[in-house]
Amino acid sequence: VNRIGPMQLDASQHYTIGKVILTAGGFADFADSSAVQIVRKIPHTDQTEIIEVDVKSIIEKGELDKDIEVKDGDFIIV
């Protein structure tokens, strides 16, 4: 993305992966927008899950059903 590093988001707002990417300035020219990963801790365990999201299809094709909500503590890899 164009704005690299941790981002503080307003806790009173609901953010989707698409909204977070746009808040971070959109994708850099070399970014693979079709293979964005969300690394999420599974509650009450020491495990994490990786959710792959095709943000390109969300932004370019309007496939909003793929635009999942980002949760507190999620780590997004572009």
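What percentage of the 78 residues in the protein is buried? Buried residues make up 27%. Here, buried means under 20% relative accessible area, exposed means over 50%, and partly exposed lies in between (1.4 Å probe, protein chains only).

This is a predicted model, in which local features need pLDDT of at least 70, side-chain atom pairs count only at pLDDT 80 or more, and totals for chains, interfaces and linings use all residues. Residues are numbered from 1 along each chain as its sequence is written, and side-chain values use heavy atoms, with hydrogens and water left out.

**Stop 1: the whole chain**

Switch to a cartoon view. You will find two helices and three strands. They run α-β-β-α-β from the N terminus. Helices (H or I, at least four residues) and strands (E, at least two) are DSSP runs, numbered from the N terminus. The radius of gyration is 12 Å, close to the 12 Å of the globule rule for 78 residues, so the protein is as compact as a globular protein of that length. That radius is taken over C-alpha atoms, and the rule is 2.2 Å times the number of residues to the power 0.38. The C-alpha atoms fill a box of roughly 35 × 25 × 20 Å along the principal axes.

**Stop 2: the core**

Select Tyr15, Ile17, Val20, Ile21, Val36, Ile38, Ile51, Val53, Val55, Ile58 and Val70. These 11 residues form the largest nonpolar core. Such a core is a set of buried Ala, Val, Leu, Ile, Met, Phe, Trp, Tyr and Cys residues joined through side-chain atoms within 4.5 Å. Helix H1 (17–23), strand S1 (36–41), strand S2 (48–53) and helix H2 each give two or more residues to this core. H1 gives the most, with three. In soluble globular proteins, nonpolar side chains tend to be buried together.

Now centre on Val20. Leaving aside neighbours within four places in sequence, Val20 is in contact with Met7, Leu9, Tyr15, Val70 and Ile76. Contact means heavy atoms within 4.5 Å.

**Stop 3: Asp67**

Go to the loop between helix H2 (55–61) and strand S3 (75–77), and pick Asp67. A salt bridge is a side-chain nitrogen of Lys or Arg within 4 Å of a carboxyl oxygen of Asp or Glu.

Show Thr16 next. A polar contact of 2.9 Å joins its side chain to that of Asp67. Polar contacts are pairs of N or O atoms within 3.5 Å; within protein, one must be able to donate a hydrogen and the other to accept it, and residues adjacent in sequence count only if both atoms are side-chain atoms. The Asp67 side chain also reaches the backbone nitrogen of Ile17 at 3.4 Å.

**Stop 4: two salt bridges**

The structure holds two salt bridges. Select Asp74 and Arg40: their closest N and O atoms are 2.7 Å apart. Asp74 sits in the loop between H2 and S3, and Arg40 in strand S1, 34 residues apart. Both residues are buried.

The other pair is Glu63 and Lys66, at 2.7 Å, N to O. Glu63 is partly exposed, at 24% relative accessible area. Lys66 is also partly exposed, at 34%.

**Last stop: His44**

Find His44 in the loop between S1 and S2. His44 is exposed, with a relative accessible area of 85%. Its phi is positive, about 65°, although His44 is not a glycine.
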